[in-house]
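Subject: Structure handover, with notes on salt bridges

Hello,

Here is the structure for you to look over.

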Amino acid sequence: MKPLDRLIQKIRITKAARYVEEGESVLDIGCFDGNLLKQIQSVISEGVGIDPSIKSETTNQNYSYISDRFPSSKLLNRKFDVITLLAVLEHIPLDAQNDFAAACYQHLNPNGKLIITVPSPQVDVVLNLLMSVGLVDCIKFEEHYGFEQKQTIPLFTRHGFILTKHEKFELGLNNFYLFQKPKKPKDHCVNLEDTFSNPKLAKL
């Protein structure tokens, strides 16, 4: 990662970290290099980062890393106070996103928080330009599946989440969403065991 990549990542992490409260447990989906959990480790009670690019599964004090795709059988029945999805949704195939959102709901405690960042539509043009002059190099455009930022709210509200905050940051190029799972869970959630064998998720 180049310096500008690191700066963009740091801005996202700092934005998300403000909404993690002391003593909460956190699941960071698509954790990449694990910098979010490293930054908030003194605040949280427990943290788990999951990403298929992780080379080896490790445990560091109160947080650990899992090398796998989400949803994962390694997380079966585990629930967290916070789930973070920082620059992740645009990398999930469109036909797998409903199951992905349902799995997020299942892995959150009642009243839990779902923290999401999603790039604005014009960001790919900007990043292509930055890549052409060698300022960034970590974005894999071939893994963007056409997800539009405006789809974020309906995707998660139809699975039972309540939107509590939406705002733009990074000069309007990024979107921040804060959703909450109701205190009373839904009665018709998707069974996670069914999603592990779903061929749609095999592409994640």
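Below are the notes on the overall build, then on the salt bridges.

Keep in mind that this is a predicted model.

Overall build

The protein chain has 204 residues, and 47% of them count as buried. Its secondary structure comprises 6 helices and 8 strands. Reading from the N terminus, the order is α-β-α-β-β-β-β-α-β-α-α-β-β-α. Take the contacts with a separation of 6 or more: 66% of these join residues 24 or more positions apart. The accessible surface of the chain is about 10,100 Å². Carbon and sulfur atoms supply 52% of that surface.

Salt bridges

How many salt bridges does a search of the whole structure find? The count is 7. Three of them are described here, starting with K15 and E167.

K15 to E167. These two side chains meet at 2.1 Å, N to O. K15 sits in helix α1, residues 3-17, while E167 belongs to strand β7, residues 162-169. The pair therefore ties together parts that are 152 residues apart in sequence. Are the two partners buried or exposed? K15 is buried, at a relative accessible area of 10%; the cut-off for buried is under 20%. E167 has 25% relative accessibility, so that residue counts as partly exposed.

E167 to K165. E167 also forms a salt bridge with K165, at 3.5 Å from N to O. K165 is partly exposed, with a relative accessible area of 28%. Which residues does this link into a network? K15, K165 and E167 are joined in a network of salt bridges. E167 takes part in both of the bridges described so far, one to K15 and one to K165.

K113 to E21. Here the closest N and O atoms are 3.4 Å apart. K113 lies in strand β6, residues 108-119. E21 lies in the loop between α1 and β1 (25-29). Why does this pair matter for the chain's layout in sequence terms? The strand and the loop are separate elements, so the bridge ties together parts that are 92 residues apart in sequence. K113 counts as buried, at 11% relative accessibility.

In short, helix α1 is tied to strand β7 through K15 and E167, and strand β6 is tied to the loop between α1 and β1 through K113 and E21.

Best regards

Note on methods: Residues numbered from 1 in each chain as written. Predicted model: local features only at pLDDT ≥ 70, side-chain atom pairs only at ≥ 80, totals over all residues. Heavy atoms only, no water. Salt bridge = Lys/Arg side-chain N within 4 Å of Asp/Glu carboxyl O. Helix = DSSP H or I, 4+ residues; strand = E, 2+ residues; numbered from the N terminus. Buried < 20%, exposed > 50% of the residue type's maximum accessible area, 1.4 Å probe, protein only. Contact = heavy atoms within 4.5 Å. Areas by Shrake-Rupley, 256 points an atom, 1.4 Å probe, with all protein chains shown as cover.
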